[in-house]
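Biologist: I would like to learn how to read a model such as this one. Please take me through it feature by feature.

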Amino acid sequence: MTQKNITGSMLANMVLAGANSLTNNADRIDALNVFPVPDGDTGTNMNLSITSGASEVKKSDQSSVSAVANAFAKGLLMGARGNSGVILSQLFRGFAKGLEGKKELDIDSFVIALDNGVSTAYKAVMKPVEGTILTVAKDTAAEAQKIAEEEKDIISFFEKVVHASKKSLKRTPELLPVLKEVGVVDSGGQGLVVIYEGFLAALKGEEVPEFSEDETMNLNEFVHAEHHKMAQDFMSTDDIEFGYCTEFMVRFEEDKLKDHPYDEAKFRDELIKHGDSLLVVSNDEIVKVHIHAEYPGDIFNLGQRFGSFINLKVENMREQHSNIVDKKPAKSKDKQKFGIVTVAMGDGLTKLFKSLGATVVIQGGQTMNPSTQDLANAVKEAHAENVLILPNNKNIIMAAEQAAELAEGNVEVVQTKTIPQGMTAMLTFNPELSIKENQQVMTESCKAVKTGQITYAVRDTQIDGMTIENGHYMGLLDGKIKVTNADHITVIKELLTKMIDVEEDEIVTVIRGEETNDKEEEEIIAFIEDHFEDIEVEVHQGDQPIYSYIFSIE
């Protein structure tokens with residue numbers, strides 16, 4: 001019996017199976033990653049991206065293929081990570097546009113949607129390179145048009161489409177010399193193929209196929225399942241020209257757009273001067289950027305002209321590459337008794353937590369919450385029999401608890417809501433206690449610390465009877481706004497006055513943000529010494545964004 005159409009619920013099942021297929025193969029796709037930079041994270045980034053898309057599909061209206069495709073595209077865009085993740089989001093953004101208004105999906109509309117996805121993805125890439133995921137998508141869409149001329153059954157049609165994608169993938173080393181040199185197919189293209197394989201399995205009502213080293217993966221003895229050697233070995237870390245994988249998403253703000261009108265083409269031209277592997281994706285509300293750059297701060301400054309950050313991410317690709325090339329199998333190392341995973345944003349805070357005994361420090365915090373997967377990976381990296389997670393932000397606690405549930409071994413979460421709470425908890429850790437006892441002691445210690453934060457308002461508002469103007473500074477005490485003023489130092493002094501109890505408190509720890517200066521630090525110290533003579537003051541360089549100063553008072 002010929003099947004001609006796919007319903008909304010069927011498409012939803014296909015998306016979920018595609019995501020599952022990619023999850024099953026993420027590690028092996030990482031092992032193939034040599035282009036554009038051999039940092040070994042293509043599978044991980046694609047997996048995190050499609051997982052976000054699948055989550056939206058689960059919550060979506062599945063009465064039409066248009067609704068499902070739009071939900072998938074939205075989730076992919078919001079969760080897109082890395083070059084491969086952003087390109088994947090654009091392939092399915094175009095796919096969704098090609099299905100606009102469609103209740104069901106037939107072969108002709110499938111062809112249109114695939115082709116539309118390719119057009120959208122190519123437009124998003126500043127310098128498209130053949131032999132990558134783009135080529136696999138383009139070849140597959142072109143073959144789909146030919147297949148549609150003869151095939152009337154949609155299952156048979158898509159079987160041939162998947163076969164075409166594998167054929168294109170096998171050709172990628174002929175188009176991209178670095179792939180041929182190492183002896184692998186393109187990692188992003190492989191990711192797209194395993195997604196299509198998941199789609200097909202769901203369409204046929206079958207289980208997602210297990211990975212097999214067949215004509216698609218094309219692995220040689222140099223890159224094998226145990227990962228004792230990796231494709232990334234072919235290149236020296238020193239050969240990486242632009243060392244930081246830099247991503248951000250900005251929500252447009254009318255006030256800023258008046259001074260800096262957004263023009264996507266001009267923005268691309270500005271950005272490409274600072275790096276390579278550039279992707280810029282925007283709609284009426286947001287712009288999302290991926291670029292490999294040497295100075296991420298310059299990139300962030302260009303983006304912030306148009307609005308406020310939704311999230312930011314910077315990864316040191318030289319460090320990633322070195323870790324992959326130098327890494328020995330985990331089983332060769334004995335697990336330590338305790339590991340501590342903590343979250344912080346800024347090089348200074350990372351060093352500070354490391355000095356306090358943290359095993360792994362994840363870059364993240366306000367506006368940049370690490371995912372459950374990020375935390376689970378960090379727990380694994382800690383390589384310990386007992387692992388404590390300190391989220392240091394109330395918005396990260398749930399993800400930390402989910403990671404603890406997923407992780408193998410003994411993992412507990414100390415519900416630290418701020419950086420100062422995390423620091424205090426670290427100081428009370430005792431390796432002689434059990435993990436449960438440490439969790440209790442560290443949690444209890446957080447009650448003794450007060451957290452102050454200095455930041456700025458991004459819009460006019462009124463809260464708790466207080467009028468706050470856009471651009472004015474705010475002082476927060478344990479998350480609640482207590483003071484606001486146009487003058488930075490005035491807010492700092494007023495907040496400290498409200499925070500310090502001369503009868504109870506003994507020490508003020510000042511953590512400087514990324515744009516602070518020595519003159520201001522001297523004025524803060526002088527103010528504390530003049531007004532609270534028995535209070536001891538410590539200063540650390542945290543380099544954190546968003547909060548110019550963080551104060552810990554105990």
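Modeller: Start with pLDDT, the predictor's confidence in each residue, from 0 to 100. This is a predicted model, and over residues 324-332 the pLDDT stays under 50. A contact here means heavy atoms within 4.5 Å. For residues 324-332 the model has nine contacts beyond four places in sequence.

Biologist: What does the chain average in pLDDT?

Modeller: The average is 82, and 86% of the residues score at least 70. Residues 34-40 have a pLDDT below 50, and that stretch has 31 contacts in the model beyond near neighbours in sequence.

Biologist: Next, cavities. How many cavities of 30 Å³ or more does the count come to?

Modeller: The count comes to three. The volume of the largest cavity is about 80 Å³.

Biologist: Which elements give two or more residues to the lining of the largest cavity?

Modeller: They are helix H4 (82-98), helix H5 (107-124) and helix H6 (133-148). H5 supplies the largest share, four residues. Among the lining residues are Phe 92, Phe 95, Leu 114, Ala 141 and Tyr 196. Sorted by class, the lining holds nine nonpolar residues, one polar and no charged ones.

Biologist: How should I read aromatic pairs?

Modeller: Look at the distance between ring centres and the angle between planes; an angle over 60 degrees counts as edge-to-face. A search of the whole structure finds 19 aromatic pairs. One of them joins Phe 158 and Tyr 196, with 6.1 Å centre to centre and 75° between the planes, and is edge-to-face.

Biologist: Why does the pair of Phe 158 and Tyr 196 tie together parts that are apart in sequence?

Modeller: Phe 158 lies in helix H7 (residues 154-175) and Tyr 196 in helix H9 (residues 187-204), so the pair ties together parts 38 residues apart in sequence. Both Phe 158 and Tyr 196 are buried. For Tyr 262 and Phe 267, the ring centres are 5.8 Å apart and the planes are at 70°, so this pair is edge-to-face.

Biologist: Where is Asp 334 placed?

Modeller: Asp 334 sits in the loop between helix H13 (317-326) and strand S5 (336-344). Its relative accessible area is 75%, so Asp 334 is exposed. His 383 is 49 residues away along the chain, and the C-alpha atoms of Asp 334 and His 383 are separated by 8.2 Å.

Biologist: Which residues does Ser 168 touch, not counting those up to four places away in sequence?

Modeller: Ser 168 touches Thr 135, Val 136 and Asp 139. Ser 168 is found in helix H7, and it is buried because its relative accessible area is 4%.

Biologist: How do I read burial along a helix?

Modeller: An α-helix has 3.6 residues a turn, so residues three or four places apart point the same way. In helix H14 (residues 347-355), the buried residues include Gly 348, Leu 349, Leu 352 and Phe 353.

Biologist: What covers the buried residues of H14?

Modeller: The cover includes S5, strand S6 (360-363), helix H17 (419-427), strand S14 (507-513) and strand S15 (536-544). Just after H14, Gly 357 takes a positive phi of about 115°.

Terms used. Residues numbered from 1 in each chain as written. Predicted model: local features only at pLDDT ≥ 70, side-chain atom pairs only at ≥ 80, totals over all residues. Heavy atoms only, no water. 1 Å grid on protein atoms, 1.4 Å probe; cavity = no way out; pocket = protein on both sides within 12 Å on 5 of 7 lines; lining within 4 Å. Points joined across faces, edges and corners; volume = space filled by probe spheres on them. Nonpolar A, V, L, I, M, F, W, Y, C, P; charged D, E, K, R; others polar. Phe/Tyr/Trp six-rings, centres within 6.5 Å; stacked < 30°, edge-to-face > 60°. Buried < 20%, exposed > 50% of the residue type's maximum accessible area, 1.4 Å probe, protein only.
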